[in-house]
Amino acid sequence: MIMSEKSKQHVDSCRFCWMCHHICPIGNATGQERNTARARALGISLVNREAIDLSEIMDNIYECCTCGACVHDCVTGWDPVMFTKETRLKAALEDKTPDYIKPLIANCLATGNAYGKTEICDRLAQSVKAHADKKDILLFLGADARFMACEQALKAIKVLEKAGVEFTVLEKEPASGVQLDFLIGAANETKAQMEECAEVLNKYKTVVLYDPNDAKAVKQLYKEYGVEVAANAVTYTSFLADLIKEGKLETKQSGRTVVFQDPYQLSRDLEETEEAREIVKAYAKLDEMLLNRAETVWAGNILMAQYMPEVIKLVAKRRIFNAKSVGANTIVTASVAEYVSLKAVAEEENSEIISIEDLILG
Amino acid sequence: MQYQMNEFLFAMILTELEDAVGKENCSTRAIDKVTHSVDYYWLSRMWADRGCRMPEADIVVCPNDAEEVSKVLKIANYYKLPVTTWGAGGGTQGGAIPVAGGILLDTKRMNKIYEVNTDGMYIECGTGAIYKHIEWAANEVGKATMHYPSSLTCSTVGGFLAHRGIGVVSTKYGKIDDMVLQMEVVLPNGDIINTSPAPKHAAGPDLNQIFIGSEGTLGIITKAQIRIFDQPEERRFRGFLFQDMTGAFKASRELLQKFKPSVMRLYDEAETVSLIKKIVGVERKGAFMNVAYEGAKEMVEVEEKILLDTFKKYGAEDLGSEYGEKWWKEKITFFYPGHMMDIPQCFGTMDTIAPYGKIEEIYWAMKEAIETNFPQAKFIAHFSHWYEWGAMVYDRFIVDGKDVPKDPVEALRLHQAIWTCGVRTALAHGGVVNDHHGVGIKLGRLMKEQYGPAMQVFEGLKKTLDPNGIMNPFKLGL
Ligand SMILES: Cc1cc2nc3c(=O)[nH]c(=O)nc-3n(C[C@H](O)[C@H](O)[C@H](O)COP(=O)(O)OP(=O)(O)OC[C@H]3O[C@@H](n4cnc5c(N)ncnc54)[C@H](O)[C@@H]3O)c2cc1C
Ligand code: SF4
Ligand code: SF4
């Protein structure tokens, strides 16, 4: 396998290092030794030395959620996310992508989302229609909310309506490219999606990115890909926090005590941790889990649940355990993917999951 | 009965194991086998670096609790299959490598925290829990485990028990064998037993201590009650520079008759000018020593006075608290790639322990033996675990990459030869095979040299508990 020198160097450092063993949300949930940065690096290094075939490690390469907890924890700055994504790209080029991943990639290319969906639910379609007119502000909902969590998308719209914001929601949103970036890394196709999306976003003065995954893509990854975004791209949480500050969103204490689940894309990648807390504190008493802010533990997503649903359940349950360990029964989320993932096991775990929008709308 | 494994029988055994632990927790995939074939042992890393595959297990199983472990061991005993237990593979002695193939039993699914008991001051957990996770659980209730090895984040409770591990605040709080109350163990025949409900008693020998340090050769520890402590009101550090190590030993022995600091670390001159200069910033000749003392504020005040008075008597220069605090913050940094020795270098830590009066002699003897027999090797050391009666030397050899044979077998020979020379020298001067990293496959051959006829006690236990010899073959010299 031909790898960049940079990735090779990172692989050869991580392959014999155990230091971030404790931090991987997948490894902690499955208890599998292969779900560690070092195991992944060891596998890749053996492929590079032709001691094992690339196809034999690919399942494991797709078990990484690219949450970057290991990268954040590493004092030396080695980057397993980088070499994991590069390996996905190499596998795609060598036609060694696992069979269960191929349809997700094909869907992304055909429909712009990994789920292969083309239609949004009727109620959401109605709500979107009401915001079809071009305004200065675009609310970008993202594929997860539009196609897999219609209720959340509706609430996201409702909150902005409540604050009297004038905004547009697109009937057909372009793909942000973040799903392809996850599935095949920096392929030409990924960049093409990003360019197409940037072109649409640039028609607006402000773009409010509802999904932290899209926010990470537009605010961070696009730069890495050399894709320019002229519009003012803001996260949904920072936008809401400003609305509260400006007195546009009515606040009222609910009497609830909650903990907040930091989406890693906001807290680690975009270094945004306090905005969501300001929102939560305006409606409830906020406690903290031990691992919070930049140390947050990923609580699952919808994309990986397509091919490893049982593991994603374990991941979510483990995060609920963290909340319970500090006596918290209600977790507030700011990521639709984590909301869906936690919600799927909430009943079984006797725990309450609400989104920031739920908190605001009461 | 000897038999040859065949495809049919293998498939049968696999279904039995899948039935025991669940299909998804039973793997024959290459990635699982490879991942469990390289641990922190230099030889396994070197082997992989040369593009060779280490010996691999045939089947990797991940049981959820003692009942499932029991089922696996019963199957293994019936078919006479080797079972190697793997915690997190952070061991340095190749203890978790399935050198004889067969079943690799990974404990990490047994990572539950069953109880955080602040009355009895312990956490009951599955032994597959990474130690840092139980530290977090202790921190959540304002307590601490006080077991802080550099591998806190990458080794399991079971692994530390199996290797008799130790952390940096051991002088005050103890070694892992002081940290455990009751344990649940699955014997090789599948029986599940519990050790005594309290570790200090007169109800016969201490069962805990039979399994602690047994490296998966006598059974699998599945649950443990691990002690927790109050967080200290205050933790203070003080750095000192002694003219030489002899003064430091005398001062430390005297200090330990008066009170127990938490951290005591004395660096030899070579390490003082290399590691300490790099990380802590001290650029002076001599032997650097870092001491931490902690607990109730009033006690800490008194201890500080005793420390300063005692060390002054032996000519130690007081370097203040800054170096110690920096060391505390950076103590794990030493172990990340880029800070730590790494391949292509060849290296090893030959920690041993002895009473005062012998330990310094051991240090000089080992240094001389390594440096004269292997001029390509550098020898550095520090002394990091101290008792009223003696101390541990953490001595390392390092051979530059350019002097390490490219051929893996030749590199293995060099590594073995240096180890044999170092450990034999330690034994000859009153040391032991190892202080806290264990024996594994690396040092098994030297166990008989240390124990002589006493080895039959271990062998007797092994024969009785594991008559088929399935548990972690070729480890611990058993
Ligand atoms: C960076 C680094 C720093 C280190 N620093 C320290 C240190 O400061 N102090 C220290 O003491 N050690 C240190 N070590 C060594 C290592 O952490 C210990 O040897 C630890 O005990 C290994 O635990 P593990 O879970 O990784 O065990 P493994 O390597 O998986 O296994 C070690 C041995 O224990 C057996 N075993 C594992 N679990 C069980 C069980 N439940 N029941 C029975 N047998 C079992 C295995 O069969 C094997 O023989 C360090 C290692 C690394 C990588
Ligand atoms: S990311 Fe850092 S801590 Fe993790 S395995 Fe790599 S080098 Fe080690
Ligand atoms: S990026 Fe996240 S999931 Fe992937 S290895 Fe690192 S910690 Fe684990």
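Let's start inside chain B of this predicted model, at the place where domain 2 of chain B meets domain 3 of chain B: 4 residue pairs are in polar contact there, both partners having pLDDT 80 or more. On the domain 2 side of this contact you will find 5 nonpolar, 3 polar and 1 charged residues.

**Stop 1: the domains of chain B**

To see where you are, colour chain B by its assigned domains: domain 1 (7-106), domain 2 (113-230), domain 3 (234-335) and domain 4 (346-462). Now keep domains 2 and 3 of chain B in view. Their C-alpha centres lie 29 Å apart, and the contact takes 9 residues from domain 2 of chain B and 14 residues from domain 3 of chain B.

How much area is buried between domain 2 of chain B and domain 3 of chain B? The figure is about 970 Å², with 62% coming from carbon and sulfur atoms. Select Val168(B), Thr171(B) and Lys172(B) next: in domain 2 of chain B, these residues lose the most area to domain 3 of chain B, together 55% of what that side buries. If you look for salt bridges across this interface, the rule finds 0.

**Stop 2: ligand 1**

Now select ligand 1 and show the 35 residues around it; those that come nearest are Thr85(B), Gly87(B), Gly90(B), Ser151(B) and Thr156(B). Colour the surroundings by chain as well: residues from both A and B surround ligand 1, so the site is shared between chains.

Zoom in on the oxygen atoms of the ligand. One oxygen atom of ligand 1 is 3.0 Å from a polar backbone atom of Ser150(B). At Glu215(B), a polar backbone atom is 3.3 Å from an oxygen atom of ligand 1. Asn472(B) uses its side chain instead, with an N or O atom 3.3 Å from a ligand oxygen. On its own, ligand 1 has 970 Å² of accessible area, and the protein covers 98% of that.

**Stop 3: where the two chains meet**

Zoom out and show chains A and B together. Here 44 residues of chain B are in contact with 39 residues of chain A. The area buried between the chains is about 3600 Å², and carbon and sulfur atoms give 62% of it. Pick out Ile31(B), Glu140(B) and Tyr336(B), which supply 18% of the area that chain B buries against chain A, more than any other three residues.

How many salt bridges does the rule find across the interface of chain B and chain A? There are 6. For one to look at, select Lys108(B) and Glu33(A): their closest N and O atoms are 2.5 Å apart. Finally, the count of residue pairs in polar contact between chain B and chain A is 17, with both residues at pLDDT 80 or more.

Terms used:
Residues are numbered from 1 along each chain as its sequence is written. Chains are lettered from A and ligands numbered from 1 in the order in which they are written. This is a predicted model: local features need pLDDT of at least 70, side-chain atom pairs count only at pLDDT 80 or more; totals for chains, interfaces and linings use all residues. Side-chain values use heavy atoms; hydrogens and water are left out. Domain bounds come from an automatic or database domain assignment. Contact means heavy atoms within 4.5 Å. Buried area is the accessible area (1.4 Å probe) that two parts lose on being put together, summed over both. A salt bridge is a side-chain nitrogen of Lys or Arg within 4 Å of a carboxyl oxygen of Asp or Glu. A polar contact is a pair of N or O atoms within 3.5 Å; within protein, one must be able to donate a hydrogen and the other to accept it, and residues adjacent in sequence count only if both atoms are side-chain atoms. Ala, Val, Leu, Ile, Met, Phe, Trp, Tyr, Cys and Pro count as nonpolar, Asp, Glu, Lys and Arg as charged, and the others, Gly among them, as polar. A residue is near a molecule or strand if one of its heavy atoms lies within 4 Å of it. Accessible areas come from the Shrake-Rupley method with a 1.4 Å probe; for residues, only the protein chains shown count as cover.
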